Amino acid sequence: MKLNTLTTAILLMGLSSSGAFAAAMDRSGQSISAFLQPNNYFEAGVSVLDANISGNMRDNWNVPSTDQFKSGADMSNTSLGDMAESFLIPSFALKYQANQHISLGLIYDQPFGAKAKYSNQDKIHPTAVGSVGLGDTTFENSGTFHRNGESTEVSVDSQSLSFIVGYQPNENWNIYGGPVYQSVKGDVQLRGSVYGPLGGGICTIAVGRPICSEMKDLDTGNISNGYNASIPEKFEFGYLAGLAFQIPKIALKTSLTYRSEIDYKVDVEENMSYANLALLSIVPLGGLPILGKDYVYKEGKTKITTPQSLNLDFQSGIMENTIAYVNVRWVDWSKFSIRPQKFGELSSALTQKVAGTPRGFDLISYDKDQISATFGVARKFNDQWAISLIGGWDSGTGELASTLGPIDGYWSAGIGAQFSPTPSTFIQAGARHFWFGDAKAQSASWFGTERYDADFTKNTAMGYSMKIGYKF
């Protein structure tokens, strides 16, 4: 049952890990399959994902506040348009067999990322909420996720170069490892009444009545539409290490690869605001200097840690010219969080005042680790054509999800084809359909509780990938 290892193994790489929309911010799957190809090898590819993620504000929703009068309850059960943005993931890999026992590899990918933007066409609050005759128009021209024509949106990008050295004591074993040079950068803006003072408005109680007020920008004094954070691009080193075993005669190949977490300390540029509230000194949220015009935020760096992960890959021939394969991936998302310095100061002050604890809350965090699996069969029809059928599952990171990524895992199915015009070259293309798990979207202030803001259900996506390869 000796198979053409090059043809079948290359086919698997096309859709087993690329084009995915995984839990949290996992994107590329961080495959090292190219490094395990025989002899010298080069590939370059691109994956695109086009998702549609929409939802509804939950039943009995109201503006987050100390307001028992349910300010903003008119927005409960209103619909939210598609907030997913399409994204593209390029990649390339080069593997060089220096001699019988030593191989060298270079892999470029974009392992983590996020891209989302809420629609500014979603419903707006029909009236100024909680006005007490002071001219407050807190939620005029504002929706739950947009304000004055600007929407809540997030963009996170990463780039990674993996430098790999492998040692093969014989034809069956490969021990490998090396440094990983990785960057992260991002931009987040919060808009709308879901985010309270961070979204441009604040509600509380005064003289037995609800009162809501607009926020003002600390730097300009103009009306603030909400919070902005910009994370400058920063590069740091991590590492990977792994072990692979193969029996070429039966097309059996398995590998286990560990990637370390990578720590960053960055100066996040934040745009903060203060409460434009005439009764600030006497209302329950009064006595919070951090909401005042003259408050001076402390300066400090923000720690960001991209998570550690494990990839287990296995393939084996099951009949002539046919192989089965599976990839299982674990990512340590439960320890991931981003809490910019000034955001953290404000969140700690708010929880201290409202709940009696300075715990604060994170801008982005996740409850659970991610486990995902991709599986399928591939068959070679002749020296030029092969086809692969693919299935996938992702655990997600919990039903309670961030408003910046409101899905809870997925199931997927796809098909791929490969054409080899010469024994040394191939062209590959494929597509996958994703069925996302339903999620309850939480704004940051509700992390760690059961309260949430919106339901996102029955959402789907299509992923497409293309790759070229060359054996030399």
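Trainee: Which residue in E13 is the bridge partner of Gly178?

Mentor: Leu240 is the bridge partner of Gly178 in E13. Keep in mind that this is a predicted model.

Trainee: Noted. How many bridges are there between E10 and E13?

Mentor: There are 18 bridges, and strand E13, residues 226-247, runs antiparallel to E10.

Trainee: What about E9 and E10, how do those pair?

Mentor: Antiparallel as well, with 13 bridges joining strand E9 (residues 153-167) to strand E10 (residues 173-191). The two strands make a hairpin, and 5 residues lie between them.

Trainee: Which residue in E10 sits across from Asp157 as its bridge partner?

Mentor: Lys185 is the bridge partner of Asp157.

Trainee: Different topic. What is the strand order in the open sheet?

Mentor: The order is E3-E2-E29-E28-E25, which makes 5 strands with mixed pairing. At the edges are strand E3 (79-80) and E25, each of which pairs on one side only.

Trainee: And inside that sheet, how many bridges link E2 and E29?

Mentor: Strand E2 (residues 55-57) and strand E29 (residues 454-456) have 2 bridges, in the antiparallel sense. Asn56 has Asp455 in E29 as its bridge partner.

Trainee: Now the surface. Which residues make the nonpolar patch?

Mentor: Leu256, Leu310, Leu312, Val328, Ile371, Phe375, Trp393, Trp411 and Trp435 make a patch of about 820 Å². Strand E19 (309-319) and strand E23 (370-380) are the elements that give two or more residues to that nonpolar patch.

Trainee: Where is Trp435 found?

Mentor: Trp435 belongs to strand E27, residues 425-436.

Trainee: Why does Trp435 count as partly exposed?

Mentor: Because its relative accessibility is 43%, and partly exposed covers the range between the buried limit of 20% and the exposed limit of 50%.

Trainee: Last one, Gly416. Is that residue buried or exposed?

Mentor: Gly416 counts as buried, because its relative accessibility is 7% and buried means under 20%. Gly416 is in strand E26, residues 410-422.

Trainee: How far apart are the C-alpha atoms of Gly416 and Ala429?

Mentor: Their C-alpha atoms are separated by 5.7 Å, while along the chain Gly416 and Ala429 are 13 residues apart.

Technical notes. Residues numbered from 1 in each chain as written. Predicted model: local features only at pLDDT ≥ 70, side-chain atom pairs only at ≥ 80, totals over all residues. Heavy atoms only, no water. Pairing = 2+ DSSP bridges. Helix = DSSP H or I, 4+ residues; strand = E, 2+ residues; numbered from the N terminus. Buried < 20%, exposed > 50% of the residue type's maximum accessible area, 1.4 Å probe, protein only. Patch = residues over 30% accessible without salt bridge, like charges linked within 9 Å, V, L, I, M, F, W, Y side chains within 5 Å. Areas by Shrake-Rupley, 256 points an atom, 1.4 Å probe, with all protein chains shown as cover. Salt bridge = Lys/Arg side-chain N within 4 Å of Asp/Glu carboxyl O.
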